[in-house]
Every structure is written in C-alpha cells, then in structure tokens.
Amino acid sequence: MVPLSYYLMLSAVMFFLGVLGVMLRRNAIIIFMSLELMFNAANLAFVAFALYYHSLSGQIFVFFVMTVAAAEVAVGLALIVAIFRTKHSINVDQLSSLKG
Amino acid sequence: MSALIFFFTFALIAVGAAVGMLFSRNAIYAALLLIVNFASVAFLYLSLGAPFIALAQVTVYAGAIMVLFLFVIMLLGAERLPPSQELPWQRPLGIVLAFLLLIEAVYGIVFRVNSAATLSLPVVEFATPAEIGSALFSTYLLPFEITSVLLLVAVVGAIVLTRAEGGARRRALVSQITQAVATEVPEHKAETPEEEKELV
Amino acid sequence: MYFNLAPWVIIFPLIGMVVNLLVGKRLGEIGIGAIASLAAGLSFGVAVLLAFSLAAHPEAVTVQVAEWIPIYTPLGNLALSWAVRVDTLSVTMMLVVAGVGTLIHIYAIGYMHQDVRHNGDPGRFRRFFVYMNLFILAMMVLVSADNYLMTFVGWEGVGLCSYLLIGFWFEKGQDGIGNAKAAKKAFIANRVGDFGFLIAMFLIFSAFGSLRFEDIFSRAAQVAQAQPGIILAITLFMLLAVTGKSAQLPLYVWLPDAMAGPTPVSALIHAATMVTAGVYLVARSNALYSLAPVAQNTVAWVGAATALFAATIAVAQYDIKKVLAYSTISQLGFMVAAVGMGAFAAGMFHLVTHAFFKGLLFLSAGSVIQGVEHGEKHTGAAHGSAEASFDPQDMRNMGGLRSRMKVTFWVYLAGALALAGIFPLAGFFSKDEILAEAMQLNQPGVLVFLVLAAFLTAFYMGRQVFMVFFGKARSDPAAHAQENPPLMTLPLVALAVLSVIGGALNLPGVHTLETWLEHTIGGLQPAEFILPLALLALAVALLGIFLAWSLYGRSPLKHGQVDPLSKTLGPVFRGMERKWWVDEFYGKLVIGPYHALAGLLAQPVDQGVIDAAGNGLGTLTQGLSAWLRRVQTGFVRSYALAVLAGGVVILAYIIFR
C-alpha cells in the first residue's frame with residue numbers, strides 16, 4: 001500500500017507550487033488560481049490523514065474548505081471585475097495606490 | 001503495487017498540471033491545467049476512500065468554480081499581461097522563501113512522520129455519503145448552518161460589488177437586498193450547499 | 001424611653017435636605033424655609049426627648065444603626081458601625097446644634113429672602129437651605145458618633161458645608177474671587193488640622209486596635225502606662241485638629257475670612273456650632289487628655305494665647321462681622337483653655353452660652369447689615385448714583401442705628417453685655433467659671449491671659465455698640481436704615497432671652513450642667529464660686545465698657561474721623577488693625593515657599609521631566625511610524641512575501657523547536 005508520507009509529499013509539492021504562483025505571477029486571476037491550488041494541497045493532506053486515523057473529521061473539514069473557497073471565489077472574482085472596471089487591468093502591481 | 005502505480009500516475013499528472021499552470025502565459029491554459037490538476041487529485045481522493053469528497057471536488061471545483069474563472073477571464077479579455085518591472089527584488093526573494101518552505105515541509109514529513117505508516121482502506125464501509133451526511137447534520141450542524149449564511153453573504157456581496165455605479169438606484173438596490181436578506185435568512189438556512197453553489 | 005429615636009436627629013435633616021433638593025423648586029421660598037426649619041426643629045425635638053430619657057437613665061446608650069466597616073482578620077479587627085451614641089455630652093451638643101440651628105434657620109428665611117435679591121440670584125435660596133440642612137446633618141453625625149472615624153466623617157462633613165457656604169456667593173467679593181478665595185482658605189487651613197486628626201486616629205488604632213470610644217477610654221490608663229509617649233502624641237496631633245477646626249493659634253486665620261459667607265452661616269457655623277467641634281473633641285477625649293498633662297498644658301496655653309491675641313485684633317477692626325469673628329476666636333480660646341486645663345464642664349458651659357450670645361450677635365449684625373443695605377437701596381434710588389465703594393458692613397459708615405432699629409438694638413445690647421460678661425447674663429457665669437477653674441487648677445498664667453482677654457472683650461464690644469448704635473449716622477444709608485420683619489427679629493428675641501438666662505444652666509453652687517456632664521466625663525470637680533475673682537472679672541468688664549464709652553460714646557465718631565484709639569496707641573493700634581501681619585507672615589513663611597516649590601514642580605519637574613517624557617514618547621512614536629510606514633508599499637506582492645516569510649518562520653519554529 002501507499003505510505004502516508006507519499007501523499008504528504010505530494011501535498012507539500014503542490015502547496016509549494018501554489019506559493020510560487022502567488023509569488024511570481026502578477027495576473028490577479030492566476031494568483032487566485034494558485035490560491036485554489038494551495039487549498040487543494042491542504043485538502044489532500046486532510047483526506048490522507050482522515051484515512052490514516054480512520055476519522056471522518058478530515059473529510060468534513062475538506063467539505064467546509066470547499067464551501068468557503070466557493071464563497072471566496074465568488075467575492076474575489078467580483079472584486080476583480082470591479083477593479084478591472086476602474087483600472088482596466090488586473091495586474092496586481094498597478095493596484096498600489098493604497099500605501100503609507 | 002498497483003496502488004503505487006495508481007498514486008504515482010495521478011501524482012505526476014497533478015504536479016505536471018500545476019507546473020504547467022504556473023508557467024503558462026495564457027490565463028485560459030492556466031485555468032484548464034488547473035482543472036486537470038483538480039481532476040487527478042479527485043482520483044487520489046477516490047483511492048483514499050473519500051468518494052463523496054472526490055465527486056464534490058469534480059462538481060464544485062472543477063465544475064462550478066473553474067467555470068466561473070474561465071467565464072471571468074473571457075469576460076475581461078485579460079489573458080495576457082505585459083511584463084512589469086516593479087519590485088525587482090521580490091521575485092528572487094519569493095523563490096528562495098518558497099524553497100525554504102518546501103524544505104521545511106519535506107524535512108517535517110521525513111523526520112516527523114512515521115515512514116512505515118501506510119494507508120489501507122478499512123474493511124468496513126468508510127466515509128460513505130450517508131455517513132458524511134449524518135455527521136454534517138448532527139455533530140457539525142452549527143458550522144454547516146454558518147457556512148450557509150456565509151454563502152448567502154458571498155452571493156449578496158458579489159452582486160453588490162459587480163453592479164455598475166448608479167448612485168441612488170444602487171443604494172436603493174442595496175437596501176432592497178439587505179431587506180431581502182433579513183427576511184430570507186431562515187429559508188436559506190434550510191437549503192443545501194450545493195444549490196447555493198450553483199447559484200454562485 | 002426614647003433612645004431608639006436617636007438616629008432621627010440625623011435623619012430629619014437628611015429628609016429636609018432631600019425634599020428641598022428634589023422638589024424645592026416648586027415649593028417657593030416660604031415652603032423651602034419651612035421644610036428646612038421643620039427638619040432642624042424636629043431634630044431638636046428628638047434631642048429634647050433624648051435629654052429627658054437621659055435625665056431618667058443617665059447611662060450612655062449606643063443605638064446601633066448599621067454596620068459600616070466590618071473587617072475581621074486573624075491579625076486584627078476593624079469593626080466600625082454607624083451607631084448613635086447618646087450620652088449627656090453628645091445630647092448637650094445636639095441640643096445646642098439643633099436648638100440654635102432651628103432659630104437660625106427661621107431667621108435665615110427672612111435674611112436670605114433679601115440677600116438673594118440683593119446679590120441678584122433668587123434661585124440660590126433653595127441651595128442655601130439644602131446646605132444648611134446638610135450642615136445640621138453633618139454636625140449631628142459629628143456629635144453623635146461612637147467612634148473616631150464616624151466623628152471624622154462629621155468633621156469633614158461640616159468642613160465641606162463650611163466651604164460651600166463661605167463660598168456661597170462664590171462669584172462675589174474682591175476682584176470677583178474674594179469669596180471663593182476665602183472658602184478655599186478655610187478649606188485648606190482645616191485640611192492642615194484634619195491631617196492632625198488623621199494621624200491621631202492612626203496612632204489610636206495602632207495603640208488600641210480600635211476606634212470606638214468605649215474601647216479606647218476603658219483601656220486608656222493601661223496603654224498610658226505601657227506607652228506614655230503615644231498618648232502624648234495622640235493628644236498633641238488631636239490638638240492640631242482642634243486648632244484647625246476651632247480656629248486657634250496658629251491656624252485661626254481662616255475664620256475672619258470666613259465672614260464672606262451669608263450672615264446666618266457665620267452665626268450657625270462660624271460662631272455657634274462647627275467651630276466648637278474642637279472643644280467638643282477635647283471634651284470627648286477627656287480620658288486621653290487627663291493622662292497627658294503636657295498636652296493638657298499645651299492646649300490650655302494655646303487657648304489662652306488665642307483668647308488674648310484675637311481679642312487685641314478685634315479691638316481695631318471696622319468690619320462689624322470681623323469684630324465678631326475675632327471675638328469668636330477669642331471666646332473659642334476661652335473654651336479651649338478651659339478644656340485644656342481639665343475644666344471640661346466649664347468649657348462646655350461656655351460653649352453653650354457662647355452659642356446663644358454669639359449666634360445672637362451675628363444674627364443681629366446681619367440684621368444691621370440688611371437694615372443698612374435697605375437704606376443704601378433707598379438712598380441709591382433717590383440719588384440716582386450708585387455708591388459702588390459703599391461697604392454696608394463697615395462700622396464707620398453706621399452710627400445712630402439705635403432709634404432706627406429698636407429691636408435689633410436691644411437684642412444686640414443683650415448679646416454684647418452677655419459676651420462682655422456682665423452680671424447676671426449668661427456670659428458672666430460661664431466666663432467666671434473658666435476663670436475660677438483656672439485659679440483652682442493653679443494656672444496663674446492662663447488666668448492672667450484670660451482676664452486680659454475678658455477686659456479687651458468688654459472694650460471691643462462696647463466700642464462696637466457705641467459705633468454702630470449711638471451717635472449720629474455717618475452715612476446716608478445708615479440714616480435711612482430700616483428695621484427688619486418679625487420673621488428675622490423673633491429668633492433674635494428668643495436668642496436674646498437665652499443669652500440673658502443661659503447662665504441658669506450651671507449656677508454656682510447648683511452645677512446643673514456639671515452634674516449632667518459628670519455621667520459622661522469622669523473626675524469633674526465642680527468649680528467653686530470665688531467671689532473676689534468674680535468681682536474682679538466684673539470690674540474689668542465694666543472698666544472695658546467705660547473705656548469704650550469714654551473713647552467712642554462720649555464724643556461719637558464723626559464721618560471720616562480717624563479712630564481715637566489710634567492716637568492713643570499709635571503703632572500698636574496699627575498692628576492690631578493689620579491683624580499683626582499674620583497673614584503676611586504666613587504668606588512669606590509658608591505660602592511663598594510653597595508657591596515656589598509648586599512652581600519648581602510645575603515648570604522644570606512636570607513640564608521638563610514628566611511632560612517631556614510623554615512628549616518624547618510621542619515624538620519617538622511619530623518618527624518610528626514615519627519610518628515604518630514605508631513598509632506599506634501598496635504592492636500586494638510585497639505583502640504576500642511578508643506573509644510567506646512569516647509562514648516560513650512559524651513553520652521552522654514548529655518543526656525545529
């Protein structure tokens with residue numbers, strides 16, 4: 001059978017790729033997608049541990065993460081649309097007027 | 001043995017799709033690659049004895065959410081961005097930090113997780129939709145209800161944010177919505193999350 | 001037996017105060033005055049009932065009302081209750097306070113009616129009676145307490161009322177702050193005395209482990225044997241409290257300024273009742289004082305010195321109320337000297353009679369002042385020009401009031417003669433008893449001081465009467481002065497009667513008051529009547545009056561004429577007129593350095609160190625934030641980087657810890 005650590009490694013690599021996406025890309029939508037990737041990585045770890053401990057809680061938690069992610073995407077994309085209307089761009093580097 | 005082959009196949013697909021998403025210039029491709037990643041992870045969920053989560057992953061993530069992404073990308077027509085020269089130091093620093101994070105995670109997994117621990121499906125039925133449902137509506141009833149309110153808030157927020165600037169009309173609509181929310185909250189509580197997500 | 005009624009001496013004034021406070025606005029002046037007077041009168045009625053009960057059962061009774069501070073620890077207890085102690089001493093004080101207080105309340109209805117109009121704010125009528133009832137309440141708490149802390153509560157309460165009432169017209173007076181300054185002065189001078197009271201109380205608690213009179217007095221002898229020093233310290237610190245409240249040397253300076261208050265206040269608080277609290281305190285603590293002869297001597301000498309010192313100043317004052325104020329200080333000196341010598345009954349006797357005739361004198365002086373003010377209004381209206389500098393209290397502006405204010409004249413005469421100590425008025429007996437005790441207790445120095453003071457007393461009272469009532473009017477307002485309504489004169493008559501017959505309380509050979517007080521104050525020796533001494537005192541008083549007549553009566557003062565005494569005495573008179581420069585001396589000695597210290601603390605210390613520290617912190621924060629705000633670049637990616645760095649650090653901590 002597959003060891004637990006394999007799944008955790010996969011989860012870590014996916015999370016790392018998500019982080020890289022957030023760090024390197026400037027397209028707000030892609031940053032958003034990288035966030036989803038990180039969610040996904042975390043979910044994978046949750047499900048793996050749920051099986052390891054034979055506990056349902058991990059899966060339930062994934063379910064809630066998905067729900068919250070859905071809400072977040074709805075609001076986030078609405079924000080992006082609203083920003084695009086005023087700035088005509090979704091480059092996050094151009095949204096820098098709010099500074100100290 | 002076959003389980004290992006199954007795992008590595010889908011793990012490679014998932015990582016490959018993620019890397020592809022990371023480096024694709026076109027946002028549309030990125031979204032499609034992400035869907036591939038989600039789908040392969042859904043297969044892994046199946047092998048981890050989580051059929052409900054796997055199907056929810058496909059319908060909610062790969063289905064609803066990613067479709068929304070694609071829709072927005074196409075709506076805005078902002079698939080490509082010109083290169084920018086802001087914050088030149090941020091990029092290398094970000095990469096270094098991200099690698100540090102990966103190293104830490106790998107270190108933690110290698111030295112803190114029992115490497116002999118293997119995952120095996122239990123003999124009895126585990127995590128059937130019925131079980132998850134009963135857990136959701138008994139132990140996790142309160143969080144479940146709260147998420148329904150959260151989703152409602154998200155719906156209202158999305159509508160308000162994306163409305164065209166319209167002065168009085170907009171304000172009137174906002175108050176209308178808040179009134180509707182105030183009266184409709186009890187109804188929404190009873191709805192299933194799936195329905196709400198489709199609404200989103 | 002009516003002992004259970006005892007708390008009502010406090011509760012009635014409280015009710016009166018609360019009623020006036022809440023609904024006084026709708027009652028009108030008569031209603032307010034009636035309620036306040038009724039409250040004081042009912043209190044007096046209760047005191048009378050208590051006196052009757054005590055006559056049958058002279059033993060002290062303590063009526064427990066409520067527990068106040070119950071602290072019980074293994075190390076020691078502090079159990080204080082709000083209890084009303086009914087004994088002959090406290091009931092005597094209650095009778096004086098409530099009795100004289102009631103008469104003054106009634107008088108004040110008429111007086112304040114005019115006063116609030118004269119000063120242009122009729123809305124303060126109610127406030128005055130609320131304060132007056134509050135004062136009666138606090139004074140009752142003071143005299144009825146069964147422990148020192150409760151006494152202190154009353155002590156502070158009357159001090160507060162004194163402050164509030166001196167500053168009743170706080171926006172009037174010299175430069176518009178004169179009255180406020182007078183009130184402040186009274187408050188601060190009293191604070192010095194209260195400090196002594198507090199220290200004495202702490203010492204008592206450390207020595208006796210209790211603040212209740214019964215516990216302390218029953219164990220006083222025992223403690224005195226073990227630690228003689230502590231009793232001396234307690235009594236001397238208590239003396240400091242007495243000098244503050246009873247206006248003795250060196251803290252008397254506040255009382256003359258306290259005349260800034262309305263005249264009923266001067267009569268009630270600054271002559272009849274509050275200022276005698278110090279005398280009461282010494283009489284109450286007689287068990288402690290009789291164990292500390294040094295302290296007793298000190299008290300006696302302070303009293304005697306004050307009596308003479310204040311009398312000399314009173315001789316050269318022109319303000320009708322200032323004369324009475326210094327006279328009060330002087331008479332308080334008599335009482336303090338008496339209780340200091342151990343003649344507690346004589347001191348209390350003089351306290352009672354003094355409350356009668358000094359209350360009377362102040363009220364009559366108020367009547368005179370209002371009569372002159374009335375004349376001032378009359379002439380001011382006739383001439384059409386306001387005499388802004390006219391002082392209705394200056395005796396040089398008076399004269400010849402005998403015919404214009406008949407009732408006031410006669411009662412004033414009664415009070416003045418009683419104060420001067422003319423047989424058979426109240427003052428004669430009480431003053432003579434103090435002198436007799438001084439002789440009997442072998443205090444020749446004190447005796448000489450007191451006799452001299454008695455001579456000066458007769459002189460300045462004669463001077464005052466001749467200046468105010470005899471001769472011809474020295475100003476237009478005085479010529480048009482008018483007698484006051486019966487509401488004001490009737491209480492005067494009542495007090496005059498008391499001043500005349502008050503001596504009957506403790507006639508030589510009968511000693512009613514002495515026997516009465518003996519139930520509370522142990523070891524009293526009835527003063528024998530010494531005929532030669534009495535004759536000497538009478539002769540001295542008559543001589544004083546004769547001298548006053550020869551200087552002021554035979555050829556009355558003309559308008560603008562200098563005081564004839566100033567020619568005779570020269571610089572001495574100037575010293576007396578300027579109050580021996582005590583205020584200036586205190587200003588140089590205490591207030592100047594204190595201001596300098598305060599200035600030092602305010603400018604270099606407060607602004608230079610404390611404020612600078614505060615401002616420095618502010619500047620530092622400002623500079624720091626000006627530098628830190630650059631972190632807020634506005635670029636989301638830099639924020640994300642910061643979040644990632646934080647995540648890396650936290651994960652590192654979790655893994656490698």
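This is a predicted model: local features need pLDDT of at least 70, side-chain atom pairs count only at pLDDT 80 or more; totals for chains, interfaces and linings use all residues.
Start with chains A and B. Their contact takes 58 residues from chain A and 73 residues from chain B. On the chain A side, the elements that give two or more residues are helix H1 (4–24), helix H2 (28–52) and helix H3 (57–87). The largest share of that side comes from H3(A), with 20 residues. What kinds of residues make up the side of chain A that touches chain B? They divide into 47 nonpolar, 8 polar and 3 charged.

Now turn to chain C. Two packed helices are described by the angle between their axes and the distance between the axes. The axes of H1(A) and helix H26 (residues 636–656) of chain C come within 9 Å. They cross at roughly 150°. Angles over 145 degrees count as roughly antiparallel, so H1(A) is roughly antiparallel to H26(C). H1(A) makes this contact with Val19(A), Val22(A) and Met23(A). H26(C) brings Ala640(C), Leu641(C) and Leu644(C). The residues of this contact divide into 6 nonpolar, no polar and no charged.

Last, look at one residue of chain C. Glu29(C) sits in helix H1 (residues 8–56) of that chain. Beyond its neighbours within four places in sequence, Glu29(C) is in contact with His113(C) and Phe125(C). Arg126(C) is 97 residues away from Glu29(C) along the chain, but their C-alpha atoms are separated by 7.4 Å.

Note on methods. Residues are numbered from 1 along each chain as its sequence is written. Chains are lettered from A and ligands numbered from 1 in the order in which they are written. Helices (H or I, at least four residues) and strands (E, at least two) are DSSP runs, numbered from the N terminus. Two residues are in contact if their C-beta atoms, placed from the backbone, lie within 7 Å. Ala, Val, Leu, Ile, Met, Phe, Trp, Tyr, Cys and Pro count as nonpolar, Asp, Glu, Lys and Arg as charged, and the others, Gly among them, as polar. Axes are lines fitted to C-alpha atoms, for helices over the stretch in contact, and angles run from 0 to 180 degrees between N-to-C directions. Angles under 35 degrees count as roughly parallel, over 145 as roughly antiparallel, 65 to 115 as roughly perpendicular and the rest as oblique.
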